[in-house]
Amino acid sequence: MGLNLSPIDRVETITKEDFIKHYFKPQKPVVIERFIEDWPAYNKWSLDYMKEVAGDITVPLYDDRPVDYKDGFNEPHATMKMSEYVDLLKREPTKFRIFLWNILKEVPQLQKDFTFPDFGLRLMKGLPMLFFGGRDSYTFMHYDIDLANIFHFHFEGKKKCILFDQKQNKYLYKIPHSLITREDIDFNNPDFEKWPALKNAKGYVAELEHGNVLYMPEGYWHYMRYITPGFSMSLRAIARNPKNLGKAIYNVFIMRTIDNMMRRMKGQKWIDWKNEQAIVRTNKANNTIAS
């Protein structure tokens with residue numbers, strides 16, 4: 001038995017009006033399969049092309065090690081030249097991923113390869129972010145600090161995406177004062193004896209291929225697993241729901257400050273307490289006792 005996941009709606013292409021009516025307003029995810037075929041990036045962007053245009057740039061790399069109190073917020077675990085990293089991705093499975101890499105700053109010429117699509121939402125022009133991963137590498141289940149509307153454009157290879165909305169929080173073993181679930185949960189193949197509340201969570205799943213766009217509504221949890229080496233670009237639009245906007249402001253200015261302060265004061269004890277609380281609070285919310 002796996003997670004209770006419904007397939008995400010798939011459309012070949014979509015008008016702005018239909019997108020707003022059927023997906024943005026009800027805050028429902030969708031995969032648009034053929035939306036960017038007029039972008040130069042659709043034919044150009046591949047791992048080899050990135051190696052060609054950005055090969056000499058040193059990139060920040062992250063793996064799936066658990067959070068350590070000494071780590072700063074989004075501090076990389078290693079660095080490598082882009083050319084070496086692409087060679088590594090193609091050669092063997094690796095845990096190393098690139099995430100939140102701002103291509104506008106690093107390789108301005110890539111800006112010419114795409115346009116900001118008109119989905120009826122104002123996209124943040126300064127924040128196109130790239131994400132790279134090798135076969136079987138994955139992100140922890142998390143949601144973004146600003147609870148933005150995210151458009152995730154995938155290039156090369158295949159990627160599996162599992163999404164949950166914020167209503168599922170009580171089942172997900174969310175870590176307090178953070179944006180992640182317990183890092184020892186394998187969302188690809190969860191152990192329901194260890195994490196019984198997960199059985200009640202209702203989510204969505206899709207596989208992305210080259211040129212597909214995934215719309216993730218505001219504050220959606222997402223777990224991404226690279227089935228083959230590849231990369232994606234995210235464009236985002238600010239949260240419109242006042243409640244989500246309020247949460248975003250709280251996360252950026254208050255939650256992150258408290259978490260950083262407690263890490264400095266309590267060290268690993270703070271991380272351990274948060275991990276323990278994820279279980280205590282989830283069990284309490286579901287009246288369950290973990291085996």
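Modeller: Let's start with the record: UniProt, in an unreviewed entry, places the feature "domain: JmjC" at residues 105-256. Please keep in mind that you are looking at a predicted model. Over residues 105-256, the chain is 11% helix and 28% strand.

Now zoom in on Asp165, which sits in the loop between β9 (159-164) and β10 (202-208). Is Asp165 buried or exposed? Its relative accessibility is 16%, and because buried means under 20%, Asp165 counts as buried. Leaving out residues up to four places away in sequence, Asp165 touches Tyr220 and Trp221. His222 is 57 residues from Asp165 along the chain, yet their C-alpha atoms are separated by 9.0 Å.

The phi angle of Tyr173 is near 60°, a positive value in a residue other than glycine. Tyr173 is buried, with a relative accessible area of 0%. His177 is found in the loop between β9 and β10 as well. His177 is not a glycine either, and its phi is positive at about 55°. With a relative accessible area of 27%, His177 is partly exposed.

Next, follow the chain to helix α6, residues 242-266, where Tyr250 is found. Tyr250 counts as partly exposed, at 38% relative accessibility. What does Tyr250 form together with Ile238, Leu245, Ile249, Phe253 and Ile254? The answer is a nonpolar patch on the surface, and these residues together have about 590 Å² of accessible area.

From that surface, let's go inside. The largest nonpolar core has 46 residues. Within this core, Phe19, Trp45, Met82, Trp101, Phe132, Phe153 and Met233 touch the most other members. A second, separate core has 25 residues, including Tyr138, Leu172, Phe187 and Ile279.

Setting aside neighbours within four places in sequence, Met82 is in contact with Met50, Ala54, Gly55, Ile57, Val59, Ile98, Trp101 and Phe132. Met82 belongs to helix α4 (residues 82-91), where Ser83, Tyr85, Val86, Leu88 and Leu89 are buried along with Met82. What covers the buried residues of α4? The cover includes α3 (47-54), β4 (58-61), β5 (78-81), β6 (98-102) and β7.

Side chains of opposite charge can pair when their charged atoms come close. Arg91 and Glu92 give you an example, with their side chains meeting in a salt bridge at 3.3 Å, N to O. Arg91 is exposed, with a relative accessible area of 56%, whereas Glu92 is partly exposed at 38%. Elsewhere, salt bridges that share partners join Glu12, Arg34 and Glu37 into one network.

The side chains of Lys44 and Asp113 meet at 2.7 Å, N to O. Lys44 lies in helix α2 (residues 40-44) and Asp113 in the loop between α5 (103-106) and β7 (129-133), so this pair ties together parts that are 69 residues apart in sequence. Lys44 is partly exposed, with a relative accessible area of 36%, but Asp113 counts as buried at 2% relative accessibility.

Another pair to find is Lys28 and Asp9, whose side chains meet in a salt bridge at 3.1 Å, N to O. Lys28 is in the loop between α1 (16-24) and β3 (30-32), and Asp9 is in strand β2 (residues 9-11), so the pair ties together parts 19 residues apart in sequence. Lys28 is partly exposed, with a relative accessible area of 31%, and Asp9 also counts as partly exposed, at 28%. Altogether, the salt bridge count comes to 17.

Terms used
Residues are numbered from 1 along each chain as its sequence is written. This is a predicted model: local features need pLDDT of at least 70, side-chain atom pairs count only at pLDDT 80 or more; totals for chains, interfaces and linings use all residues. Side-chain values use heavy atoms; hydrogens and water are left out. A nonpolar core is a set of buried Ala, Val, Leu, Ile, Met, Phe, Trp, Tyr and Cys residues joined through side-chain atoms within 4.5 Å. Buried means under 20% relative accessible area, exposed over 50%, partly exposed in between (1.4 Å probe, protein chains only). Contact means heavy atoms within 4.5 Å. Patches are made of residues with over 30% relative accessible area and no salt bridge: like charges are joined within 9 Å, nonpolar side chains (Val, Leu, Ile, Met, Phe, Trp, Tyr) within 5 Å. Accessible areas come from the Shrake-Rupley method with a 1.4 Å probe; for residues, only the protein chains shown count as cover. A salt bridge is a side-chain nitrogen of Lys or Arg within 4 Å of a carboxyl oxygen of Asp or Glu. Helices (H or I, at least four residues) and strands (E, at least two) are DSSP runs, numbered from the N terminus. UniProt positions are given in the numbering used here, feature names are shortened, and annotations may be inferred rather than shown by experiment.
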